[in-house]
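Load the model in the viewer and keep the selection panel open.

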Amino acid sequence: MPKARTSWVCQQCGAVSPAYLGKCPSCGEWHSMVETIEERSTPSSGQTRHRASLQPLATISFDGEERIHVPIGELNRVLGGGLVRGSLVLVGGDPGIGKSTLILQAAGLLGREGNPVVYVSAEESAQQIKLRADRLQVSPDHILILSETNLDAILTALEGISPAMVVIDSIQTVMLDDITSAAGSVSQVRECTSRLMQWAKPRNVPVFVIGHVTKEGTIAGPRVLEHMVDAVLYLEGERFHQYRILRAVKNRFGSTDEVGVFKMADRGLREVQNPSEVFLAERSEIAPGSTVAVTMEGTRPILVEVQALATPTSFGLPRRSANGLDTSRLQLLVAVLQKRVGLSLGSQDVYANVVGGLRVLEPAVDLAVAVGIASSLRDRAVDRNAVVIGEVGLSGELRSVNRLDRRIAEAARMGFTRMIVPAGTRKSIGETPNGVDLVRCRTASEAIDAAIV
Ligand code: TYD
Ligand code: MG
């Protein structure tokens, strides 16, 4: 028997090297190379000559997109208005964030008489799924559970039934026998996904593939699959907060602009219809340092409370720490406030935080952070009826932000009456809602004076 040849494969990006390397030359990840036995023949390399036929685009008939409506509105929207038949959707996220919960809830609603949902659990036992289904009060009538890790066995078991949907939980735990590397390695994960794709397309059955994102290099992250599947959804959120955001990072059948907002409750994930209300729910009465900003999550405006705290540094270098915001952006804002607004922050620690566990990375919250810092430093509260919107430039000027009209409309809907906005945005606003006082400011300094009462 010939000696098996091995090579080293990066578990993050799939780069191959003949020898061990501490750092992957392709993606720069450390300690991600794993020794893998080389596959001698790939399943696609046949001996026969390949034939293909050309087809004029005009002759291809297509009667509307066949989308399956998912009764979970937030999920339906992120999918681009429904689940396309035959599509492969990857649902990624940190372990324990709620991926299995969300997909099991969808499974309960999509199973039909004669077209059950097949839930392949390679990770948990059938009893564990049953326990979760009971807890979620998912209708168990049209769900078939398959506790199996071998993908060939899974596909054989699917013969003869026409499922409404197939769920693979998770892709890192299923494996194919003809690949020698361990389950979860790049070659297993890739080959299993491509096999599922070959199964799903001709049968027109949608497949949800669940994948964990891990920081260690030992298990292939779902990132290696992103280019293969039709849609990639990430479920994000802070472990210790209830809110979860479902975000599409790739979607061949819809926009990647949409996000879904959920709340993890004791009976699974609940849709949040009115995120602004939720993120402002715990706002206190009078608190210096607290401001309300409007962020766009996809095409949806969401109001969030931004808190800042400036306290004297006890010793050494002053600290700048951000939670839910970009720390380097906070440092930049502090510098602008010192130089252009004249706030003495050189001996102050500055902390900033977005309430509710949301991560806001767009520059439109700059002004809210800046106003919050000034408010905390002066120990005077910000006008309770004001929202603050704008990007702060390096010379302390305010820059306009996109979709200002939608942000203003959402703030007005939530009962805010003063909108502090950049001055140069007249044409993008359109009609101001009734009873709204639009305060246009040219600089961060003007905005701070207008916002703090
Ligand atoms: P799970 O869906 O198993 O996460 P994943 O598949 O992404 O690893 O969710 C696990 C977490 O969700 C767990 O910490 C408990 C919590 N949870 C609830 O709070 N309520 C519920 O009804 C369920 C089913 C789970
Ligand atoms: Mg799970």
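Helix α7 covers residues 327-341, and its axis comes within 10 Å of the axis of α8, crossing at roughly 55°. Axes here are lines fitted to C-alpha atoms, for helices over the stretch in contact, with angles from 0 to 180 degrees between N-to-C directions. Helices (H or I, at least four residues) and strands (E, at least two) are DSSP runs, numbered from the N terminus. The α7 and α8 crossing is right-handed, the term for a near helix turned clockwise from the far one by less than a right angle, with anticlockwise being left-handed.

This is a predicted model, in which local features need pLDDT of at least 70 and side-chain atom pairs count only at pLDDT 80 or more, while totals for chains, interfaces and linings use all residues. Residues are numbered from 1 along each chain as its sequence is written, chains are lettered from A and ligands numbered from 1 in the order in which they are written, and side-chain values use heavy atoms, with hydrogens and water left out.

Next, select α2 and α3, which pack at about 70° with axes 11 Å apart. They are therefore roughly perpendicular to each other. α2 passes α3 in a right-handed crossing.

α2 (99-110), α3 (126-136) and β13 (259-265) each supply at least two residues of the shell around ligand 1. Which of the 17 residues around ligand 1 come nearest? They are G96, K99, S100, T101 and G268; a residue is near if one of its heavy atoms lies within 4 Å. By class, the shell has five nonpolar, six polar and six charged residues (Ala, Val, Leu, Ile, Met, Phe, Trp, Tyr, Cys and Pro are nonpolar, Asp, Glu, Lys and Arg charged, and the others, Gly among them, polar).

Now show polar contacts, pairs of N or O atoms within 3.5 Å:

- G98: a backbone N or O atom lies 3.0 Å from an oxygen atom of ligand 1.
- K99: a polar backbone atom is 2.8 Å from an oxygen atom of ligand 1.
- S100: a side-chain N or O atom is 2.6 Å from an oxygen atom of ligand 1.

Taken alone, ligand 1 exposes 560 Å², and the protein buries 77% of that (Shrake-Rupley areas with a 1.4 Å probe).

Two backbone stops remain. A cis peptide bond joins D169 and S170, with omega about 0°; S170 is in the loop between β9 (165-169) and α5 (186-203). H31, in the loop between β2 (16-17) and β3 (33-37), has phi near 50°, a positive value in a residue other than glycine.

Definitions and conventions:
A polar contact is a pair of N or O atoms within 3.5 Å; within protein, one must be able to donate a hydrogen and the other to accept it, and residues adjacent in sequence count only if both atoms are side-chain atoms. Angles under 35 degrees count as roughly parallel, over 145 as roughly antiparallel, 65 to 115 as roughly perpendicular and the rest as oblique.
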